[in-house]
Amino acid sequence: QRSTFVTAVAWVFIVLSGFSTVIGILQNIMVQTVFRGPQFEEAMRSAPADMPPFAAFMFSHFQLFFLLVLLLSAFTLISSIGLLKRLNWARLCFIGVMVFGIVYQLGGLVIQFLMFSSMREQFSAAAAQGGPDMQVFFVGIAVVSLIFATAFCVLFGWIARKLMSPAIVEEFR
């Protein structure tokens, strides 16, 4: 007997990853055509020296980032279709995607903290010279980001745990 849970999760992720894959294809076409050439290469080499390390890495490897997002979207789409068809390899891959989603959310919080600490220093210096005090803004963004990351971690963890439950595993045999 097929559970509604697996069917619903599969269809939701087929739709979301389907849209994400189409958008990823279009983004990669744009990134690989528009952002190629000597002028762009020169702009990449002349990044500000005080740029945070992660930002500098993303700045110089952003084409790879877009490609990886496309590959992850396509992998999720394939796994979602397999999940709908009750293929066990797809269930295992989908659990892996959910675990990756949790790691991605937590890593995103760390990266955001590192990036914002650099930005806070710059805005604090500007505030000392009469500029606006942006401290409340940064705290607000941090709180909202923490809430969303926590919600997604709980959701992804719940989906992964449910897909590992004996009743669901039995559907895939």
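User: What pLDDT does the protein average, and what share of the residues score at least 70?

Analyst: The model is predicted. The protein averages a pLDDT of 89, and 97% of the residues score at least 70. Confidence is highest in helix H1 (residues 4-34), at a mean of 95, and lowest in helix H2 (residues 38-45), at 73. Where pLDDT is low, the predicted coordinates should not be read in detail.

User: Why does Val143 count as partly exposed?

Analyst: Buried requires under 20% relative accessible area and exposed requires over 50%. Val143 has 43% relative accessibility, and therefore it counts as partly exposed. Val143 lies in helix H5 (residues 135-163).

User: Why is Trp158, in helix H5, placed in that class or another?

Analyst: Trp158 is also in helix H5. Its relative accessibility is 47%, so Trp158 counts as partly exposed, the range being that between 20% and 50%.

User: What makes up the nonpolar surface patch that includes Val143 and Trp158?

Analyst: The patch covers about 750 Å² and is formed by Val139, Val143, Val144, Ile147, Phe148, Phe152, Leu155 and Trp158. Members of such a patch must have over 30% relative accessible area; Val143, at 43%, therefore passes this cut-off, and so does Trp158, at 47%.

User: What does Met98 touch, not counting residues up to four places away in sequence?

Analyst: Met98 touches Phe13, Phe156, Ile159 and Ala160.

Key
Residues numbered from 1 in each chain as written. Predicted model: local features only at pLDDT ≥ 70, side-chain atom pairs only at ≥ 80, totals over all residues. Heavy atoms only, no water. Patch = residues over 30% accessible without salt bridge, like charges linked within 9 Å, V, L, I, M, F, W, Y side chains within 5 Å. Areas by Shrake-Rupley, 256 points an atom, 1.4 Å probe, with all protein chains shown as cover. Salt bridge = Lys/Arg side-chain N within 4 Å of Asp/Glu carboxyl O. Helix = DSSP H or I, 4+ residues; strand = E, 2+ residues; numbered from the N terminus. Buried < 20%, exposed > 50% of the residue type's maximum accessible area, 1.4 Å probe, protein only. pLDDT = per-residue confidence, 0-100. Contact = heavy atoms within 4.5 Å.
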